[in-house]
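Trainee: I've got a structure to look at, and I'd like to work through it with you. Can we take it step by step?

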Amino acid sequence: MKIFTPLPGEYVASALQRGNEMLGIRTLPHEDFRIRPIPRTGYGRKGIGGKAEIRGYAIFKFPSLFTERKITEEVLHNHTLYPLTAALGRPTNQTIVTPAYWKKICPECAFEDFENHGTAYVHRSHVQSYVKVCSIHGSDLITICPACSTPINKHKITQLGICSQKYKNPTRQWKSPNHLYSIFIAELLNYKGPPAKTHNAEWIVTKSLYKNYFDEIYGNYGYVSEIIVRELGTKTINPYSKGATDYNFVIQAFLGCRTAARYLDLLTNSAACTQLQNEVNELIRSDFIKRKYHTVDRIPSTSSSVT
């Protein structure tokens, strides 16, 4: 028997953990909430013969609890990171919708959730690896409880609300790049459309990055890693959009588009894409003229990744 009663915006693992605690169970195995993409038939095959399955969307394998209760779609769309990966067209083999590491909270959300729902919980908008700030309050997310000094990953979720009554003066980063990034994530988690085509998403992100950081990355795309460190204070591995991890790609989408509204406009509006391409072409043309008639110092080649 399991108790699963997710609250608005609650991460799937948080809801399961709360249920377990009500039953006196302190642990939650990853397999209890892990939703895994099912590889395409024939994908990665070797030799001649047979056909590989072609599909531009992910199919998932769900824990039995969700299939038995017939709530797979509800859980996927409302309590995981799936809408984010769908909006950004992440390939099936790179789709991570239920991260194993998820325990961080906004102290102000914890206080308000306890007041409104009788319990604190972990919001899915806080789960993504590089989210450091609450999109609603601009408060730093915490991994150690200020009231009892217990790491959040060892703290009972059902006790967080009680501890939250003692939280004072949270640190805020209102309108900072990290706050704007968390807003970008939270808004894309509300995406309801069909999965974006991978090549379209990568075109949008690459062209948008060129437009915003042309002088730094034209001819040296590896410099994106340096930009990420400068803008968000985050080190990443593999800064290239094509084949980049889900998390790295999200950062690049934010740096290029800045808002979810801008990204979604480019995803659905061909006129906006044409305008973006024209702007990039003009930057390239102007750069060519400068290099032809003037001496232009270029940023020296850098490593393609930051470790």
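Trainee: In what order do the elements of the protein chain run from the N terminus on?

Mentor: Keep in mind that this is a predicted model. Starting at the N terminus, the order is α-β-β-α-α-α-α-α-α-α-α-α-α-α.

Trainee: Okay, and what share of the residues of the protein chain counts as buried?

Mentor: Buried here means under 20% relative accessible area. The protein chain has 307 residues, and the share of them that passes this test is 47%.

Trainee: Let's zoom in on H11. Why do its buried residues line one face of the helix?

Mentor: H11 covers residues 260-268, and its buried residues are Ala260, Tyr263 and Leu266. An α-helix has 3.6 residues a turn, so residues three or four places apart point the same way. Over on the other side of H11, Ala261 and Thr268 are exposed. Looking down the axis of H11, the buried residues line one face because they fall within an arc of 130 degrees.

Trainee: Which helices do the buried residues of H11 pack against?

Mentor: Follow Ala260, Tyr263 and Leu266, the buried residues of H11. Their packing partners are H4 (82-87), H7 (177-188), H8 (198-217), H10 (246-257) and H12 (270-293).

Trainee: What about the largest pocket: which element gives the most to its lining?

Mentor: That pocket has a volume of about 460 Å³. Of the 24 residues lining it, Arg55, Arg90, Pro91, Thr92 and Thr198 are the closest to its centre. The one that gives the most, with three residues, is H4.

Trainee: Last one! How many charged residues are in the lining of the second largest pocket?

Mentor: The second largest pocket has a volume of about 250 Å³. Its lining has 14 residues, and the closest to its centre are Ala100, Tyr101, Trp102, Lys103 and Asn153. Sorted by class, the lining has six nonpolar and five polar residues, and the number of charged ones is three.

How values were computed: Residues are numbered from 1 along each chain as its sequence is written. This is a predicted model: local features need pLDDT of at least 70, side-chain atom pairs count only at pLDDT 80 or more; totals for chains, interfaces and linings use all residues. Side-chain values use heavy atoms; hydrogens and water are left out. Helices (H or I, at least four residues) and strands (E, at least two) are DSSP runs, numbered from the N terminus. Buried means under 20% relative accessible area, exposed over 50%, partly exposed in between (1.4 Å probe, protein chains only). The arc is that of the directions from the helix axis to the C-beta atoms. Contact means heavy atoms within 4.5 Å. On a 1 Å grid over the protein atoms alone, a cavity is a set of points where a 1.4 Å probe fits but cannot get out, and a pocket is an open set with protein on both sides within 12 Å along at least five of seven lines; lining residues have an atom within 4 Å of a point. Grid points are joined across faces, edges and corners, and a volume is the space filled by probe spheres set on the points. Ala, Val, Leu, Ile, Met, Phe, Trp, Tyr, Cys and Pro count as nonpolar, Asp, Glu, Lys and Arg as charged, and the others, Gly among them, as polar.
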